[in-house]
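Take a look at the fold below.

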Amino acid sequence: MRRCWRPTPAALSTDFPYSADLYTGVHAARRRAFGTTMYRALGIERDDQAARDAYQTDSLRFYGAPHVALLFLPSNGEVRMAADLGMYGQTLLLALAAYGIASCPQGLLSFYAGTVREQLEVSDRKLLFGVSFGYRNPDAPGSAVLTGRAGLEETTRFHL
C-alpha cells in the first residue's frame with residue numbers, strides 16, 4: 001500500500017464513486033473540524049503539504065496497527081449492500097472495543113482498490129473500506145483524538 005501512495009488522482013482506483021463535494025453543509029463542517037483537531041494533535045500545520053502527505057503514507061501503513069480487515073462487497077454490490085457492510089463494519093468496531101482492542105476505520109484504503117485486489121489476488125470483489133486494529137499505543141499523538149458527536153436532537157427525528 002505505501003509503495004503505491006501518490007497524492008495525485010491518476011494513481012487512485014476506487015470501486016465506488018467519490019467526489020470532493022460529497023460532504024456539504026454540517027457534514028463538511030464536522031469533517032473539517034475533525035481534520036483540524038487531528039492535524040493539530042499531530043503538529044501538522046494546514047499549509048504543510050509534505051507533512052500531510054507523510055501522514056497519508058502512514059495511514060497506508062495502517063497507523064502502525066498490526067492488523068487490518070479489508071471489507072469487500074461482491075462484484076455486483078451496490079448501495080444497499082454497502083449499507084449492510086457498513087453496519088457489519090460498525091459491529092466489528094464495537095466488538096473490538098468490547099475486547100479492549102483499538103481500531104480505526106479507513107476509507108482511504110478503498111482509494112487503492114486496484115492495488116489491494118492485485119496484491120491479494122482478489123478479482124471478484126469491490127473494496128469498500130478497511131479497519132486497522134491492535135492494542136492502543138497511548139504515546140501515538142493521534143490516539144487521544146476523538147471524533148465529535150452530534151447531539152441526538154440533531155440526528156434523530158422521533159414520530160409519535
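Start at K126, which is buried at 16% relative accessibility. Buried means under 20% relative accessible area, exposed means over 50%, and partly exposed lies in between (1.4 Å probe, protein chains only). The model is predicted: local features need pLDDT of at least 70, side-chain atom pairs count only at pLDDT 80 or more, and totals for chains, interfaces and linings use all residues. Residues are numbered from 1 along each chain as its sequence is written, and side-chain values use heavy atoms, with hydrogens and water left out.

K126 has a charged partner. E78 forms a salt bridge with K126, and their closest N and O atoms are 3.4 Å apart. The pair links distant parts of the chain: E78 sits in the loop between β1 (67-74) and α3 (79-98), K126 in strand β3 (residues 125-134), 48 residues apart. A salt bridge here is a side-chain nitrogen of Lys or Arg within 4 Å of a carboxyl oxygen of Asp or Glu. Helices (H or I, at least four residues) and strands (E, at least two) are DSSP runs, numbered from the N terminus. E78 is partly exposed, at 49% relative accessibility.

How many salt bridges does the structure hold? There are four. Side chains of opposite charge can pair when their charged atoms come close.

Another of these joins R117 to D15, with the closest N and O atoms 2.5 Å apart. R117 lies in helix α4 and D15 in the segment before α1 (25-42), so this bridge ties together parts that are 102 residues apart in sequence. R117 is buried, with a relative accessible area of 18%.

R30 and E154 form a salt bridge too, at 2.8 Å from N to O. R30 belongs to helix α1 and E154 to helix α5 (residues 152-155), so the pair ties together parts 124 residues apart in sequence. Is R30 buried or partly exposed? R30 is partly exposed, with a relative accessible area of 33%. E154 is exposed, at 53%.

Now turn to S110. This serine is placed in the loop between β2 (102-106) and α4 (113-120). S110 is buried, with a relative accessible area of 11%. Which residues does S110 contact, leaving aside its neighbours within four places in sequence? They are S13, T14, D15, L127, L128 and F129 (contact means heavy atoms within 4.5 Å). T14 is 96 residues from S110 in sequence, but their C-alpha atoms are 6.0 Å apart in space. On another side of the list, the backbone oxygen of L128 lies 3.5 Å from a polar atom of the S110 side chain.

Definitions and conventions. Polar contact = N/O pair within 3.5 Å; in protein donor to acceptor, adjacent residues only side chain to side chain.
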